[in-house]
Amino acid sequence: MADALSEARTAFASRRWEDAYALFAQADASAASDAASDAHAAAGAIDADADAAAGADASDAAADAASAPLGLVDLTRYARSAALTARDPEAFALLERGYGLSLAAGEELTAADCAFWLGFRLFSLGEAGRAQAWLERARELADRHGDCVQQGYLLVPRIHRELLAHRNREALALAREAVACAERHGEPDLAALALQLGGRALIEDGDVEAGIRMLDEAMLTATSAVAGELTRGLVYCAVLGCCDRVFAVDRAREWSAVLGEWCDSQAQLATFNGTCRVHRAGLFLFAGEWDAALKEADRVATAPAADRRERAGAAYETAEVLRLRGAYPDAEAHYAAAAAGGVDPQPGLALLRLVQGDVATAAAGIGRALGTTSSPLGRARLLPAAVEILQADGRDDEAAAAARELASISERFATPVLRAEAAHAAGRILLAGGDPAAAVDPLTQALAGWQELGALYDEARARLLLAEAFDALGDAEGARMQRETARSAFEALGAAGAPGVLGPFGAPGAPGPLGARDRSDPAGPSILSPREAEVLRLAATGITNKEIAQRLGLSARTVDRHVSNILAKLGVPSRAAATAYAYEHDLLHV
């Protein structure tokens, strides 16, 4: 046992978690076997005439020795090794053993620690009944000792419950109480946990700046040498999740690099690795580094230790890249895998339906997602897609309302991504409403925002909207420059949303059910309905949509929708391009 135990301690100190787990298991089994042999010998030595009760006591003592071959410190290390290698059942069994041994040794606060971590992990897995039972055991023990650090830890699940109930200020008050407890008792792990929860509460309550500061403090505390690896991983992943939720991309990139280095430095780490990589895949996707995003997501999908939720998150990020690159059947399969794993496939799936020309299904999907999402930040993730889809469905008033809601959320939370999204949506609404001059300013703001954030794909889409506005204002040269720059970006990305594939007003690929067509394809004109061909002939004369509506006895909104469909079916980004297409294919004769 001695050699295995010594090696296990060395492996644990070196953060070789798989090795540590295997060696502790070996030492544990060896010690259990030795203890059983000793107990058997002791039992055999009992004099036949000895008191029967004494024999029973000896047997009980032998059984206890056999069931607890490791000391409490090593048992705790063994349990941590199990947790860090994603062996929850084994970790639970070891913590339960530690709880029993601690009580037997009269170490109630150590028993409370075991009960807390057991209950807290069960709580995170959604096993509310067992979690509550263990947390209550921890509370009963801690209450006997007055002001102790265990009281602070027991505030952590309470903070989580307040956050889930959207009682953000109550959560913040409890987080501050937990931080104060950590400071009194010199407990950095508790401080880091409480600080990240307090930061989340501030962000959810709309004070993003203060929340980010608190998250930064949590990360600095977690990166200190004295913080435990389990707490460090919990805090790292939680902080990245908060940054992602509030669209704090710059901070997420900074801390993602720290988390990535931490994960990469521990080849045998299973817990947290998948979550880390899913976050990184999302950041790569946003930055236009799509191959890197696919690589990170694939590492999660093929990792034996990845859990269901991590695999589902990786499937969603993969689906997003595939959708943007035009691999629609594969994207659909990955959205389905995300849904099967418990991750809502919206808004990506609705945008996929839009690009496939199924506007009704797209509208139903995004409508359901919005109807079941109440938090402002959750809705902000859906509203940009809703604006595009509702416009395509001819529901202009609802699209405008969605853009206004997005602007309101942007004002409240004021992160650069939200500001760019809100400006982008506002410009889209103005452009579709026939006011290209008014659309130029918000679209220019959106373009600047995307450039500052390094969001190449979104930057290119903003350029296409600006090109549409410039065309409408008679600035053909300015429109051409914006469109050529966008084309270069799409080609660099390998995006399906290059000019000739993008739908109306620069939607993220909405070519209609037949997909984009090459301009040399003589079958192209046949995809237009008779009414659409009629609208195109009139649009080519240079008259406005309103004038077309008057001539054909249609509403202006109906003509707008016909023009959008024409652009989508022909795979061109503007009325001017559609006119050129019409001349090229001799569509202007009656």
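Mentor: Before the helices are discussed, one definition: a helix axis is a line fitted to C-alpha atoms over the stretch in contact, and the angle between two axes runs from 0 to 180 degrees between N-to-C directions. The model here is a predicted one.

Trainee: At what angle do helix α16 and α17 pack, and how far apart are their axes?

Mentor: The angle is about 150°, and the axes lie 9 Å apart.

Trainee: What does that make α16 relative to α17, roughly parallel or roughly antiparallel?

Mentor: Angles over 145 degrees count as roughly antiparallel. The angle of α16 and α17 is about 150°, so α16 is roughly antiparallel to α17. Their crossing is left-handed.

Trainee: Which residues make the contact?

Mentor: From α16 they include Trp290, Leu294 and Ala297, and from α17 they include Glu310, Val321 and Arg325. The residues of this contact divide into nine nonpolar, one polar and four charged.

Trainee: Why is the pairing of Glu320 and Arg323 called a salt bridge?

Mentor: The term asks for a side-chain nitrogen of Lys or Arg within 4 Å of a carboxyl oxygen of Asp or Glu. The N to O distance between Glu320 and Arg323 is 3.3 Å, so the pair qualifies. The structure holds 33 salt bridges. In general, side chains of opposite charge can pair when their charged atoms come close.

Trainee: How are Glu320 and Arg323 placed in helix α17?

Mentor: They are three residues apart in α17 (residues 308–325), which means a separation of about one helical turn.

Trainee: How do you know whether Glu320 and Arg323 are buried or exposed?

Mentor: Buried means under 20% relative accessible area. Glu320 has 11%, so Glu320 is buried. Arg323 has 6%, and therefore also counts as buried.

Trainee: How does the salt bridge of Arg480 and Glu484 sit in its helix?

Mentor: These two side chains meet at 3.4 Å, N to O. They are four residues apart in helix α27 (residues 476–493), so about one helical turn separates them. Arg480, at 38% relative accessibility, is partly exposed, and so is Glu484, at 43%. Elsewhere, salt bridges that share partners join Glu388, Arg428, Asp458 and Arg461 into one network.

Trainee: Why is Arg121 called partly exposed, and what does Arg121 touch?

Mentor: Arg121 has 31% relative accessibility, so the residue falls in the partly exposed range. Arg121 is found in helix α6 (residues 108–124). Leaving aside residues up to four places away in sequence, Arg121 touches Asp88 and Phe92. Arg121 and Ala91 are 30 residues apart in sequence, with C-alpha atoms 9.8 Å apart.

Trainee: How many helices and strands does the chain have?

Mentor: The secondary structure comes to 31 helices and zero strands. Buried residues make up 52% of the 590 residues.

Methods
Residues are numbered from 1 along each chain as its sequence is written. This is a predicted model: local features need pLDDT of at least 70, side-chain atom pairs count only at pLDDT 80 or more; totals for chains, interfaces and linings use all residues. Side-chain values use heavy atoms; hydrogens and water are left out. Helices (H or I, at least four residues) and strands (E, at least two) are DSSP runs, numbered from the N terminus. Buried means under 20% relative accessible area, exposed over 50%, partly exposed in between (1.4 Å probe, protein chains only). Contact means heavy atoms within 4.5 Å. Angles under 35 degrees count as roughly parallel, over 145 as roughly antiparallel, 65 to 115 as roughly perpendicular and the rest as oblique. A crossing is left-handed if the near helix is turned anticlockwise from the far one by less than a right angle, and right-handed if clockwise. Ala, Val, Leu, Ile, Met, Phe, Trp, Tyr, Cys and Pro count as nonpolar, Asp, Glu, Lys and Arg as charged, and the others, Gly among them, as polar.
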